Amino acid sequence: IKRDARFAELTPEHVAYFRSLLGSESAVLDGVTNPDDASVADDIEPYNSDWMRKYRGHTRLVLRPSTTEEVSKILKYCNDNMLAVVPQGGNTGLVGGSVPVFDEIVINVSRMNRILDFDAVSGILVVEAGVILEVADQYLAERGHIFPLDLGAKGSCHVGGNVSTNAGGLRLLRYGSLHGTVLGLEAVLADGTVVDDLCRLRKNNTGYDLKQLFIGAEGTLGIVTKVSIQCPQRPAAQNVAFFGLESFEAAQQAFREAKGQLGEILSAFELMDETSQSLVQRVTGNKRPLEGRHPFYCLVETSGSNAEHDAEKLSTFLESVLESGIVADGTLADNETQVRALWAWREGIPEALGHLGGTYKYDVSIPLSDLYKLVEDTKARIAEAGLLDETAEDKNDTTERPPVRAVVGYGHMGDANLHLNVSTRRFDPRVEQVLEPFVYEWIAERQGSISAEHGLGLMKKKYIGYSRNPTMVGLMKSIKNSFDPNGILNPYKYL
Ligand code: FAD
Ligand code: 2HG
Ligand code: ZN
């Protein structure tokens, strides 16, 4: 893709305006006026590259507003002057949406990090967009509540980023999607208009529910500045079981049994294959939860109000699936440390793979019965192309090897959401060519979704047609045009 010539190039005059608007030194990282200053370039670098080090832009200006009014004035100026922008939260997104493609201005909301209100009776929390997810959850924990979303990046991602990607995470099974839990939001449109829909009501059927458009819009319709969200009571008890299974069919049976036997206390059902677990072990050096090796593992979590009762239910469940031969082996966490240790085998997969080189990530929804077949078919295809070498070389091994180290599958099995990760020694265009559009075609043939929870970003912009028909894409484009007629918000991505 080429830089869109309609967008203006940044000048020192533009920067002078932003400086006068935002004042404080740390609010403007300016590599425009000082193009040769290496320390400014170093400061800007983290805003240009994404979590995976797969996508890298070339901005020379980062703005860090601290109020909605500042966001509004920035956008109005950008719109009037045809300056393209990228909204950015915690920069943990996995589809290249949060960093510039060319020289777009980064508008990072991390200074908008105030918790504004919490009502302990209704459980409604109101925060600014830049509040870190874990900070919000900690705040709620102290008040007996829980954030209805949890994910591996919680220490860095923002609530505004979560809403903008419609993040799903580890407990969607229990608490549902943000389309249901977000009650209201405030957002700023491209021309600076502040959309105040910071509703704190559970029910509100007055006209189109416009806030839903911003949930999952990935910064293409406006900048989300505030969010109000329904937060449940924090469950008094959390119990976790981890088990090994001999086949994906057995994992499906275990899921059915878990729903039947654990019912309302079931809060997560996650799948990991053996390859993913051996890579986590290689990176962390930790002792595996089970002695033997199995092709699949599942993590089952319950959340309820009575620890003893829940523990009993979970251990009865484990006994029954062991007895019936659905599960080959299993273990239960006895205390909070063990709960966390078991979760680390699941949550730690993306990070462990990140240490081993470049990862091609496909976040997909597939009818459950076919979920794991995608991993098998993809692996076969990569092997056939001569690109796979599963040797676990050590650091000093300099042998030139095929780029792909492993093809792994894991994910939110309870939501039929698979994460296919192709772990490589280095990003390599030959691997990408073998994977794309193969994976998307495979998904489309089975009426799946090419983006279950991570979004489209830059990565899947060209592929939206595999999951949405032309009528829907056309409607989406007309919404984009009416919210952002100049197209300054997160260009080159999404649609
Ligand atoms: P960013 O990465 O900064 O931005 C993401 C997108 O939203 C970009 O397009 C950006 O332009 C836009 N955006 C950000 N903030 C705003 C705003 N205030 N207004 C408008 N647009 C904005 N995702 C899941 O769904 N489930 C998971 O289980 C999960 N686990 C993860 C685990 C790890 C280790 C990592 C690194 C990522 C994971 N993610 C997961 C992906 C990611 O989507 C989430 O981490 C998170 O929702 C992104 O939030 P962020 O603040 O980092 O947003
Ligand atoms: C998870 O569930 C995240 O761990 C990341 O959504 C998945 O890295 C991935 O592919
Ligand atoms: Zn996920």
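Predicted model: local features only at pLDDT ≥ 70, side-chain atom pairs only at ≥ 80, totals over all residues.
Student: Which residues is Ala241 in contact with, leaving aside its neighbours within four places in sequence?

Tutor: Val300, Leu314, Leu318, Gly330 and Leu332. Ala241 and Leu299 are 58 residues apart in sequence, yet their C-alpha atoms are 5.8 Å apart.

Student: And a pair such as Ser39 and Cys78: what separates their C-alpha atoms?

Tutor: Those two are 39 residues apart along the chain, with 26 Å between their C-alpha atoms. Ser39 belongs to helix α2 (residues 38-48). With 8 C-beta neighbours inside 10 Å, Ser39 counts as exposed.

Student: Leu314 and Leu318 were both on your contact list for Ala241. How do I read the helix α11 and its buried residues?

Tutor: Here is the general idea. An α-helix has 3.6 residues a turn, so residues three or four places apart point the same way. Now the case here: the buried residues of α11 are Asp310, Leu314, Phe317, Leu318 and Val321. Viewed along the axis of α11, these buried residues fall within an arc of 95 degrees, so they line one face of the helix.

Student: Which exposed residues does the face of α11 turned away from its buried side carry?

Tutor: That face carries Glu308, Glu312, Thr316, Glu319 and Glu323. On the buried side, the cover includes β10 (237-245), α9 (248-262), β12 (296-304) and β13 (329-332).

Student: How far apart are the end C-alpha atoms of α11?

Tutor: They are 24 Å apart. The 17 residues of α11 (residues 307-323), at 1.5 Å a residue, should span 24 Å, so the expectation agrees with the model. After α11 comes Gly325, with a positive phi near 80 degrees.

Student: What should I make of backbone angles in general?

Tutor: Most residues other than glycine have a negative phi, and most peptide bonds are trans. With that in mind, look at Ala416, whose phi is positive, near 55 degrees. Ala416 sits in the loop between β15 (404-412) and β16, and 19 C-beta neighbours inside 10 Å make it partly exposed. Asn490 also has a positive phi, near 45 degrees. Asn490 is in the segment after α17 (470-483), and counts as buried with 27 C-beta neighbours inside 10 Å.

Student: And where is there a cis peptide bond?

Tutor: Go to the bond from Glu436 to Pro437, which is cis with omega near 10 degrees. Pro437 lies in the loop between α15 (429-435) and α16 (438-445).

Student: Now the ligands. Which residues come nearest to ligand 1?

Tutor: Of the 38 residues around ligand 1, the nearest are Gly89, Gly93, Gly97, Gly161 and Gly219. Then ask which elements build the shell. β3 (85-88), α5 (159-165), β9 (223-230) and α13 each supply at least two residues, and α5 gives the most, with five. By class, the shell has 14 nonpolar, 21 polar and three charged residues.

Student: Which residues are around ligand 2?

Tutor: They are Leu94, Gly152, Ile349, Pro350, Lys361, Asp363, His419 and Asn421. α13 (349-355), β14 (358-365) and β16 (417-424) each supply at least two of the shell residues. By class, three are nonpolar, three polar and two charged.

Student: Last, how many helices and strands does the protein have, and what is its radius of gyration?

Tutor: It has 17 helices and 16 strands. The radius of gyration is 23 Å, which agrees with the value near 23 Å for a compact globule of 495 residues. The C-alpha atoms fill a box of roughly 70 × 60 × 45 Å along the principal axes. Of the 495 residues, 49% count as buried. Among contacts between residues at least 6 apart in sequence, 73% join residues at least 24 apart. Your contact between Ala241 and Gly330 is one to look at on screen.

Conventions. Residues numbered from 1 in each chain as written. Chains lettered and ligands numbered in written order. Near = placed C-beta within 6 Å. Helix = DSSP H or I, 4+ residues; strand = E, 2+ residues; numbered from the N terminus. Nonpolar A, V, L, I, M, F, W, Y, C, P; charged D, E, K, R; others polar. Expected span 1.5 Å × (residues − 1). Buried ≥ 20, exposed ≤ 12 C-beta atoms within 10 Å, placed from the backbone. Arc of directions from axis to C-beta. Contact = placed C-beta atoms within 7 Å. Rg over C-alpha atoms; globule rule 2.2 N^0.38 Å.
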